[in-house]
Amino acid sequence: MNHDDLWFPDHLASMCGWIDATGADVLIARGAVIESSASKGSRHMILGMGRDGFYDPVTTVGFGSAQMIRRASLPRLGPWRPASQCVCESSQDWLFRAWRKGAVIATMPHLTVLMLHSGKREGSYARDTAREQEELMDAMDAPDALRVRILGNAEEPAPLKRSRYLKRRLLAMLGIHPRARSFRRQYRRGAFIAMLRRTRGLPPMPEREPDANALLARYRRDGERPEAG
């Protein structure tokens, strides 16, 4: 679960029941991307729709907070790749690779996840506040009333023209992730996460992971600094 996001009280029970009922390796819940009050009237976006109840590599978007993976399937499907190695989001990169490996990925028609994207909120990680999450958590005392409120101001992604859908489906069958392809037109590899960090108020990621020698040098420098006072 992404730490910015929220689950409805019945999320885990619903997901466990649905993944068992479908026998799926992976399950994606319906999620609502909650727009901030500063977004000037933008509508919430509903994600997690499939095609006949299952993942569609062209149209399905299911972020990490909306995913459940069967433990027995993990060794075969493998882990997420680091964001710096992905063109699109790590979660969507993983779903596509899992689909290519033959995973059964079902979608659950029940809204149980609220996603508050920090990448759409300037300085979100630089401020010590969670006002939006707190207000939504209070509203979950009446979960269906909150669902009605959210869905009444929400929209789904616009459907693709049949010709465009078929072209992207062919690309997917050939191993080309349609979402990564569209991201590649806007961002080079790793650039998307760099943009998110700037928006969130975070420093850039290091160019490479520090090895043992780099850590040793850092701690030696820190240990040689005179104490204040």
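These legends accompany several close-up views of a predicted model of one protein chain.

View 1. Start here to get your bearings before zooming in. The chain has 229 residues, and 41% of them count as buried. Its accessible surface comes to about 14,000 Å², and carbon and sulfur atoms hold 53% of that area. Now think about contacts between residues at least 6 apart in sequence: 77% of these join residues at least 24 apart.

**View 2. The largest nonpolar core brings together 27 residues.** Which residues have the most contacts inside this core? They are Leu 27, Tyr 55, Leu 95 and Ile 105. Two or more residues of the core come from each of α1 (11-22), β2 (26-33), α3 (90-100) and β5 (105-115). In soluble globular proteins, nonpolar side chains tend to be buried together. A second, separate core has 14 residues, among them Ala 32, Leu 111, Leu 116 and Ile 150.

**View 3. Leu 95 and the residues it touches.** Leaving aside residues up to four places away in sequence, Leu 95 touches Val 26, Ile 28, Tyr 55, Gly 62, Gln 67 and Ile 105.

**View 4. Strand β5 is joined by bridges to β1 and to β2.** Follow β5 and look at each partner in turn. Strand β1 (residues 6-7) runs antiparallel to β5, and 2 bridges join them; here Leu 6 has Leu 114 as its bridge partner. Strand β2 runs parallel to β5, with 8 bridges between them, and Arg 30 is partnered with Leu 111.

**View 5. Asp 10 and Arg 147 meet through their side chains in a salt bridge.** The N to O distance is 2.9 Å. Asp 10 sits in the loop between β1 and α1, while Arg 147 belongs to helix α5 (residues 143-151); the pair links distant parts of the chain, 137 residues apart. Asp 10 is partly exposed, at 26% relative accessibility, whereas Arg 147 is buried, at 8%. Asp 144 joins Asp 10 and Arg 147 in a network of salt bridges.

**View 6. Arg 43 and Glu 155 form another salt bridge.** Their closest N and O atoms are 4.0 Å apart. Find Arg 43 in the loop between β2 and β3 (44-47), and Glu 155 in strand β6 (residues 154-155); this pair also links distant parts of the chain, 112 residues apart. Arg 43 is partly exposed at 36% relative accessibility, and Glu 155 is partly exposed at 36% as well.

**View 7. Arg 81 pairs with Asp 93 in a salt bridge.** Here the closest N and O atoms lie 2.7 Å apart. Arg 81 lies in the loop between α2 (74-77) and α3, and Asp 93 lies in helix α3, so the pair ties together parts that are 12 residues apart in sequence. To close the tour, a search of the whole structure finds 9 salt bridges. Side chains of opposite charge can pair when their charged atoms come close.

Definitions and conventions: Residues are numbered from 1 along each chain as its sequence is written. This is a predicted model: local features need pLDDT of at least 70, side-chain atom pairs count only at pLDDT 80 or more; totals for chains, interfaces and linings use all residues. Side-chain values use heavy atoms; hydrogens and water are left out. A nonpolar core is a set of buried Ala, Val, Leu, Ile, Met, Phe, Trp, Tyr and Cys residues joined through side-chain atoms within 4.5 Å. Buried means under 20% relative accessible area, exposed over 50%, partly exposed in between (1.4 Å probe, protein chains only). Helices (H or I, at least four residues) and strands (E, at least two) are DSSP runs, numbered from the N terminus. Contact means heavy atoms within 4.5 Å. Two strands pair if DSSP finds at least two bridges between them. Accessible areas come from the Shrake-Rupley method with a 1.4 Å probe; for residues, only the protein chains shown count as cover.
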